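Hi everyone, thanks for coming. I'd like to walk you through one structure today, so please have a look at it before I start talking.

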Amino acid sequence: MSELFGKDMSEHVLKSNVMKDDFGWEIPYETVPIPSKGVIYHPESDLYGLEHVQIKSMTAREEDILASKALLKEGTVVTNLIKSCVVNKSFDPTDMISGDRNALLVSIRITGYGPEYPYSVGCANCGTKCKEKADLTSLAIKRLQIEPVELGKNEFEFTLPVTKKKITFKFLTERDDKDREAANKFVANHLDTKIENSITSFLEYSIQSIDGIRDKNKIKHFVMNMPAYDSKSLRSFIVTNEPGMDMSHSFSCKSCGHENEISLPITSEFFWPNT
């Protein structure tokens with residue numbers, strides 16, 4: 001009975017477009033440019049050479065995803081939202097670098113709640129909590145400007161200014177970020193330390209080789225002992241050159257007049273305009 005019921009329902013869905021035929025309205029679709037143009041993904045990946053991704057506008061179904069306590073607890077709200085909105089289901093959003101994902105998320109947010117993004121932030125000068133608004137359509141796309149070591153590979157070269165070591169690095173994906181988070185949590189739970197390792201873990205996951213050495217244990221040892229100026233220079237180079245959305249935004253504090261420069265955050269709250 002259940003198989004027959006499922007078959008009948010699927011045929012009904014395929015043959016009848018209720019929204020169009022009965023209500024005279026169809027869900028809009030948008031084409032989103034991918035900042036990396038897909039050149040950094042493996043040639044066998046469905047992300048390779050992907051310059052645009054088509055998304056459907058957010059619906060009440062996507063609001064269910066955003067409100068899901070289970071997904072919020074898992075930390076998978078954003079990933080499930082992307083999966084629900086992209087038309088092409090052949091790729092996994094967790095395999096995308098953060099910048100490419102952010103391009104999709106900004107467009108999804110605009111289709112759902114419009115381009116106006118209200119947010120609250122403290123002034124860096126006087127601490128006053130300011131309520132501001134950003135126009136998401138004004139955000140610029142940061143295209144990939146540097147060449148990978150080879151086409152279809154997420155790996156780029158950089159020479160450290162102090163040690164003069166030639167390193168290769170990659171832009172982290174959502175999967176990398178999840179692995180980092182799990183590793184950092186493990187360290188925090190098993191080592192008696194109050195020192196967070198956000199910087200060293202970022203470098204360990206980003207760096208792929210040092211003067212041709214790819215041994216992860218040796219890279220970790222180098223990272224722990226690399227000069228601070230090398231660390232800062234590499235991190236700055238990665239952030240500056242990562243393709244994605246330019247999330248920078250400025251506002252003047254109404255209390256002291258200080259001009260603040262911030263980076264608009266993309267979290268689950270990003271999709272709730274009234275919070």
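## A walk through the model

Let me begin at Met247, which touches Val106, Leu139, Ile262, Ser263, Leu264 and Ile266, leaving aside residues up to four places away in sequence. Please keep in mind that this is a predicted model. Where is Met247 in the chain? Met247 sits in the loop between β9 (244-245) and β10. Met247 has a relative accessible area of 8%, so it is buried. Met247 and Ala140 are 107 residues apart in sequence, yet their C-alpha atoms are 7.9 Å apart in space.

Next comes β10 itself, residues 248-252. The partner of β10 is strand β11, residues 259-263; the two run antiparallel and are joined by 5 bridges. His249 has Ile262 as its bridge partner in β11, and Ile262 is also one of the residues that Met247 touches. Between the two strands of this hairpin there are 6 residues, and Gly257 takes a positive phi near 80°.

Now to another hairpin, made of β6 and β7, with 6 residues between the strands. Here 4 bridges join the antiparallel pair. Phe156 stands opposite Phe169 in β7, and Phe169 in turn stands opposite Ile207 in β8.

In the loop between β6 and β7 we find Lys164. The phi of Lys164 is near 65°, a positive value in a residue other than glycine. Is Lys164 buried or exposed? With a relative accessible area of 57%, Lys164 is exposed.

Asp211 also has a positive phi, of about 50°, although it is not a glycine. Asp211 also forms a salt bridge with Lys165, and the closest N and O atoms are 3.4 Å apart. Asp211 lies in the loop between β8 (207-210) and α9 (216-225), and Lys165 in the loop between β6 (156-159) and β7 (166-169), so this pair ties together parts that are 46 residues apart in sequence. Asp211 is partly exposed at 43% relative accessible area, and Lys165 is partly exposed at 31%.

That brings me to the other salt bridges. How many does the structure hold? The count is 12. One I'd like to show you joins Lys56 and Glu62, with the closest N and O atoms 2.9 Å apart. Lys56 is buried, with a relative accessible area of 15%, and Glu62 is buried too, at 1%.

Then there is the pair Glu155 and Lys153, whose side chains meet in a salt bridge at 3.8 Å, N to O. In this pair Glu155 counts as buried at 4% relative accessibility, whereas Lys153 counts as partly exposed at 31%. And Asp92, Asp95 and Arg175 are linked in a network of salt bridges.

Last stop: the helices. Two packed helices are described by the angle between their axes and the distance between the axes. For helix α5 (residues 77-85) and helix α6 (residues 98-113), the axes come within 11 Å and cross at roughly 70°. That makes α5 roughly perpendicular to α6.

Which residues meet there? From α5 we have Val78, Thr79, Leu81, Ile82 and Cys85, and they meet Arg101, Leu104, Leu105 and Ile108 in α6. By class, this contact has 7 nonpolar, 1 polar and 1 charged residues.

And why is α5 described as largely enclosed by the rest of the structure? Because 7 of its 9 residues are buried. The buried residues of α5 are Val77, Val78, Thr79, Leu81, Ile82, Ser84 and Cys85.

Notes:
Residues are numbered from 1 along each chain as its sequence is written. Side-chain values use heavy atoms; hydrogens and water are left out. Axes are lines fitted to C-alpha atoms, for helices over the stretch in contact, and angles run from 0 to 180 degrees between N-to-C directions. Angles under 35 degrees count as roughly parallel, over 145 as roughly antiparallel, 65 to 115 as roughly perpendicular and the rest as oblique. Contact means heavy atoms within 4.5 Å. Ala, Val, Leu, Ile, Met, Phe, Trp, Tyr, Cys and Pro count as nonpolar, Asp, Glu, Lys and Arg as charged, and the others, Gly among them, as polar. Buried means under 20% relative accessible area, exposed over 50%, partly exposed in between (1.4 Å probe, protein chains only). Two strands pair if DSSP finds at least two bridges between them. A salt bridge is a side-chain nitrogen of Lys or Arg within 4 Å of a carboxyl oxygen of Asp or Glu.
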